[in-house]
Every structure is written in C-alpha cells, then in structure tokens.
Amino acid sequence: MTVSANYDAIAKCNKCGFCHVACPIFRATGHESGVARGRLALLRGIIENRVQWNEEMEDPLFTCLGCGACTTNCFGAVPTADLVLEARAEYLDKVGKKPAHRLLFEHLLPYPKRLHAAAKAVALGKNSGASKVANALGLLRIFGRDLPKAEGIVEKLPMSSFRGTIKPGVYPGKGKDLRVGYFVGCGVDVIQVTAGKASFEALKETSKSVTVLENCCCGLPPWSYGDVDNTRKLAAKNMKIFSENDLDVVVTDCSSCASFLKKYAKIFKDDTALDPAGQKNMPKFQDMVEFLSGKSDTKEGDRESQDVGSYYDPHSAGLGEQVASRGENSPVIITYHDPCHAVRGQGVKSESREILKAMKGVEFREMPEADWCCGGAGSYALTHYDLSQKVLDRKIKNLKKTEADILVTSCPACMIQLSYGIRRHGLNTKVFHISEIVEHAKDTAEV
Ligand code: SF4
Ligand code: SF4
C-alpha cells in the first residue's frame, strides 16, 4: 500500500482543526506537524509532489503515538493513525530501514525462546546494576539515541519468563465447556510475569481447558514501524498455531495484542495464503478484560453454552488490605487507565469499570482523561523519550487528582510507563494489571 493509494482518505481532512485538542503530541509540543491535520497535509503534499520523501518526514511520521484520539474528535473520522502507519512503510522503503530493527523483528520476535534468552541477558545486566551489558550486547541499541535516558523506565526484569515457568501446553480448568487458548504477549512473557500468572489462574477458573500457546509476537511492533513483511511472517506463525489447536476463543491479557489479533481479519483479507476467514479452526479473539467481565464473544458453534461467564464474583470478593495500606474501614481507592488499544482499538471501556466498581472494599474514582494515551505506545518511550515523558506527565497529573491507592490497566506497555511516571513523581500509587486485582480479590474472599 502506498500513500497515493490513500489519497481519498487523506483528502477527507477539511483542515477544521478539531483534532488539535485531542492529540497528546500536539498538546505537548504545539507543533502543527505533530497533529493529524499537519501530518495529513504533509502526506497530501507528497502525493501532489509538493513535498519530497526525505529524512525531514521522519518526525511527522514517527512521533505519532497511533493512539487514534484524533479520529474520535474528527467529524469525517479520518483514520490518521492508520494512514500514518501505512506511510511509514513507504518512508522506510524510500528513505531507508533502520537496520537494527531487523534484529528485533526478524531474529527475536518470531522466536519466543530467543526472546527469553535476550531478556535474561538484559535482566542479568540490569538487575546487577550493570545495564551496560545489555548495551554491549547491542540488544537495546535498536531503540536509538534516546536509550541512555530511557534505561530507567523498566525498574527490574524477572529472571525467568512466564513461559519459562508455565510451559506451553494444555492445562485442565475448573469450568465445563470452554477451551481457551492463552496468547502470551511479549511484554507479559518477559516483563509482567506476575500479571501473566494471574491471568492464567483466572482463565482456568471458568474454562474446561487452558492452552498456553507457543505463539510468537502478534506482529504489532513491526506493523507500527511500517514493516509489512515481518508482520506477515509473525501473523502466519500465529495463525498456524491457532489452526493446530482446536480452541473456542483465544484470550490475551495485553490489550495491544488483543486489538491487533482482532485486526488480522481486516489486514490479511486480500492475502489468499493468510486470510483468517479461509483458515481451519480460526478462533475468536478476546481481551482479558472482556473475558473477566463475562461479555462473551466466542465463536459460534454447536456447543451448548458459549458463554464465558464472569470469573469475578462481586458478591463474594473483597479487596481488603492486601493491595494497599488503608485503614481498616476505609475503602481502597482504585482508578483505571484505558489503553488506547482497548478503548479505541476494540471499544472496550465499560467492562473494566464494572469489574472494579463491583468489588467490595473499593471506591472507584474515575481519572480525568482516563482514555488519553500515557505516552508508552509500545517502544515509543524508548525512541522518543522526552516527548513520551511530556505525555506521561499529563497523565500523572490527572492520576494525582484521584488520590488513588491503585491504578489498574490492561496493557503491559502502559503498566511499565505508568509505573515509571509514578516513581519519577514520587507517588505511592501501585500499578496492577486487572487480572492481578481480580486474583487479589479472589484470594481475599477465600481467606
Ligand atoms: S479533525 Fe479531522 S478533518 Fe479536522 S483537521 Fe483534524 S483530521 Fe482534519
Ligand atoms: S493518532 Fe494520536 S498522536 Fe497521532 S495524530 Fe492522532 S491524536 Fe495525535
């Protein structure tokens, strides 16, 4: 797909400027080239031969968070994030691919075992205070000039990956009917391992079986960098795994993965080899938040019950003091951050609040601008550190207004970014994945 092929969509921008107020990057910089209207004007300039492909296009294309907030504020619903993303592919073709991305997209992300080994090497270096080891290995240099500033974003790395502890395979659950595949995203696998364990337990609670899949990366990172070939290779590997396992639903606790897996059907619909509609045993995909809320979207079939059911029982669970140090009779204050890929990528918003609001001993407080991007955006914080921190500062300012003990979300990249902002601003708020909170609630109820 070239930029020219998107001319009609790009030309739909009437230059009204309504997108300005919603764009975290424009609000942080005030630069027209950092907002949908400006980015689209440059793309139109390229098609009309008034602007040339050169390195000056890098910032307007690569500073976009892909958060989609502009589109929700645009009467014409111009899909700027998608248009920018497709333009990145042409930029990399014409101006040049950063060679280091190859290491990540071609040699690490398709192979979970290599990714685990790389993560372990980085963890060894980082946890011993010698993070230069990771640099010396060249593993993180792919993220470019901002890496030295960004090294503190991840505080500590687990020495063992999720799938190093809970091996891929089929595990019996307590439920009667549903055969669930657990898609383990890279972030959960190598960084947010505790969230992965909580999700695994939650999945077993209502499923007949849980298959911890041997999936590789969903493909979103190369897709975000305009690398269609490597996206295709990763998706092909995953679809083969889905086909080989007869599953009712594939659930993931990374909202970014969930959003991207749901996009396979659209992205590959004209690809005869990959079109999910033509694949055997293709399951439905679900965000963990949807699964926990019991809002079933499993595949239609001949099973008597397709209902996932609600794992979380609000009447028996109480959060108590396990997760925050409140006084005996004071409720724990919880707030929620909507990952972009949940709220705009999948339309998943109310489910998380329903779960949290129903918990005993909890006071849910809505955070202002809860659905604004936190600036994490995958590896954005590593490639555009300063900009990412400006976006994060706004988020933390809003978090402070809630006085929350706990901030809950459903995307590992957001968890890392938010935790970093909280540390940098000296707050005491704890960050949890929604699966962890549900597990805490269950544990408390069982005591
Ligand atoms: S809101 Fe939409 S139409 Fe208006 S300037 Fe922004 S992208 Fe263009
Ligand atoms: S996708 Fe987000 S960062 Fe990109 S132009 Fe739209 S609002 Fe701004």
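A helix axis here is a line fitted to C-alpha atoms over the stretch in contact, and the angle between two axes is taken between their N-to-C directions. Keep that in mind as we walk through this predicted model.

Let's start with the whole chain. It holds 23 helices and nine strands. Of its 447 residues, 51% are buried. Take the contacts with a separation of 6 or more: 76% of them link residues 24 or more positions apart.

Now for a helix pair. Two packed helices are described by the angle between their axes and the distance between the axes. For H3 (residues 36–47) and H6 (residues 80–95), the axes come within 11 Å and cross at roughly 40°. As for its hand, the crossing of H3 and H6 is left-handed.

Which residues make the contact? On the H3 side, look for Ala36, Arg39, Leu40 and Leu43; H6 brings Thr80, Leu83, Val84 and Ala87. Sorted by class, the contact between H3 and H6 has six nonpolar residues, one polar and one charged.

Further along sits H15, covering residues 228–244. Its 17 residues reach 24 Å from first C-alpha to last, close to the 24 Å expected at 1.5 Å a residue. Which of its residues are buried? They are Asn230, Thr231, Leu234, Ala235, Asn238, Met239 and Phe242. When you read that list, remember that an α-helix has 3.6 residues a turn, so residues three or four places apart point the same way.

Methods. Residues numbered from 1 in each chain as written. Chains lettered and ligands numbered in written order. Predicted model: local features only at pLDDT ≥ 70, side-chain atom pairs only at ≥ 80, totals over all residues. Helix = DSSP H or I, 4+ residues; strand = E, 2+ residues; numbered from the N terminus. Expected span 1.5 Å × (residues − 1). Buried ≥ 20, exposed ≤ 12 C-beta atoms within 10 Å, placed from the backbone. Axes fitted to C-alpha atoms, helices over the stretch in contact; angles between N-to-C directions. Left-handed = near helix turned anticlockwise from the far one by under 90°. Contact = placed C-beta atoms within 7 Å. Nonpolar A, V, L, I, M, F, W, Y, C, P; charged D, E, K, R; others polar.
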